[in-house]
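Morning, everyone. Please have the sequence and the model open while I talk.

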Amino acid sequence: MLDCAIIGGGPAGLTAGLYATRGGLKNVTLFEKGLPGGQITQSSEIENYPGFFDHTKSGMDFMDSWQNQCFHFGLKHQMDEVVNIEKNGEYFKINILGKEPVSAKTVIVCTGSTPKKASIKGKDEFFGRGVSTCATCDGFFYKNKEVAVLGGGDTALEEAYYLSNICSKVYVIHRRDTFRAAPSTVERVQKKENIELMLNSHVIEITGDNTGVNGLVIQDADKGQKSLNILGVFVFVGHNVNNNVLKQADGKFLCDTNNQGQIITNLKMHTSVEGLFVAGDIRIDAPKQVICAASDGAVAALEVISYLQERS
Ligand code: FAD
Ligand code: NAP
């Protein structure tokens, strides 16, 4: 029986593990379906985490040191995908893909979020063959070539800037004429000579052949339809929370959610179910920042320790 099962090994889950084990819990396992680190490992840079200010380092470099520190105090790591979590009486049952279930007294769900794929004709057909949601992973394939970036948030603009240092030209296609991204990021992108902003524009089709993407059909609100000959398109149109682990056999969620599927918590990361905590991007009102996810993880772990102490 685990004292605490932590699901997801991004900034929230790793920090929860650090605080739980350093706080004296002996039997804590972090379940992560991939390599620990979370979404930020897909980022080409991170410049808003205090104490870490190095433009030459990627999100992957940044998360590298977290793992050693978080596993140092006895946190166990299982590279497994959790299918779902049930509560039977006082305890939780963690159902794991291809393995026997594990029981736990408490659970902290830190499964974060996944990039959305806009509903554009061609995006599924050409995904991985010119359509990407990761500039650090795929940008190099378009060295000295023209690419397009879709979206107007922080991710789209930061990754467009990153791509502009590899590619000959980057078209940023955004459906409005103002951006959701931070003003400093917008300014940096506007100043970059090989980035062209295409505002009030919608991609209506990604075209291609058996070699992959070869262009886009774009609807511009003022100028009508036009096409762009590019081989790569990077889609950054937001994220969906990974809440499937909380879905039950009857299709309902184990705890309360809002209408976007985000988990409802209080400031102590308690959900509507006793012993079940969440942390990071999966919760309501998450600022979707590494520092905030890490803070949530610490709060959740401290609450787990109190919860177990009250019951011992
Ligand atoms: P995540 O980082 O999403 O981690 C969740 C983990 O859970 C993942 O590792 C996933 O594999 C695992 N998981 C999911 N489901 C399961 C399952 N069923 N079983 C087992 N494991 C599972 N924030 C900043 O502060 N500064 C930035 O500069 C910045 N840049 C960003 C750039 C990009 C490209 C992106 C995508 C995000 C960026 N963010 C940035 C946001 C930041 O990365 C997130 O807010 C943060 O990673 C959220 O942490 P988390 O631990 O809640 O979730
Ligand atoms: P986001 O902020 O939700 O932005 C998504 C963008 O995609 C918006 O500009 C949106 O347009 C556009 N969009 C959504 N659906 C679309 C569609 N179907 N077709 C075309 N465009 C569409 O997502 P994000 O940029 O991934 O950021 C997610 C969170 O992580 C944010 O809270 C962000 O601040 C944070 N983050 C922070 C940093 C940082 O701190 N440096 C870096 C990356 C991410 P509209 O604007 O018109 O809605």
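I'll take a sheet, then a ligand site.

First, the ground rules. This is a predicted model, in which local features need pLDDT of at least 70 and side-chain atom pairs count only at pLDDT 80 or more, while totals for chains, interfaces and linings use all residues. Residues are numbered from 1 along each chain as its sequence is written, chains are lettered from A and ligands numbered from 1 in the order in which they are written, and side-chain values use heavy atoms, with hydrogens and water left out.

Now the sheet. It is open, has three strands in the order S12-S13-S14, and pairs antiparallel. S12 and S14 are the edges; each has a single partner strand, so one side of each lacks a neighbour in the sheet. Neighbouring strands are turned by 20 degrees against each other on average, direction ignored. That angle is taken between axes, lines fitted to C-alpha atoms. Strands here are DSSP runs of E, at least two residues, and helices are runs of H or I, at least four, all numbered from the N terminus. Two strands pair if DSSP finds at least two bridges between them.

Start with S12, residues 201-209. Eight bridges join S12 to S13. Ile206 stands opposite Leu216 in S13. The link from S12 to S13 is a hairpin of two residues.

On to the other side. S13 and S14, residues 224-228, share five bridges. Ile218 has Lys226 in S14 as its bridge partner, and Asp220 has Gly224. A hairpin of three residues connects S13 to S14.

So how enclosed is S13? Seven of its nine residues, in the run 212-220, are buried, so the rest of the structure largely encloses this strand. Buried means under 20% relative accessible area, with a 1.4 Å probe and protein chains only.

Next, ligand 2. Its shell has 19 residues, and the closest are Asn48, Asp154, Glu158, Arg176 and Arg180. To count, a residue needs a heavy atom within 4 Å. By class, the shell has four nonpolar, nine polar and six charged residues. Gly counts as polar here. Helix H4, residues 154-164, gives the most, with three residues.

Which atoms lie 2.9 Å from an oxygen of ligand 2? One is a backbone N or O atom of Gly152. A side-chain N or O atom of Thr155 is also 2.9 Å from a ligand oxygen. For Gln289, a polar side-chain atom sits at 2.9 Å. Alone, ligand 2 exposes 910 Å², and the protein buries 75% of that. Those areas use the Shrake-Rupley method.

Technical notes: Buried < 20%, exposed > 50% of the residue type's maximum accessible area, 1.4 Å probe, protein only. Axes fitted to C-alpha atoms, helices over the stretch in contact; angles between N-to-C directions. Polar contact = N/O pair within 3.5 Å; in protein donor to acceptor, adjacent residues only side chain to side chain. Areas by Shrake-Rupley, 256 points an atom, 1.4 Å probe, with all protein chains shown as cover.
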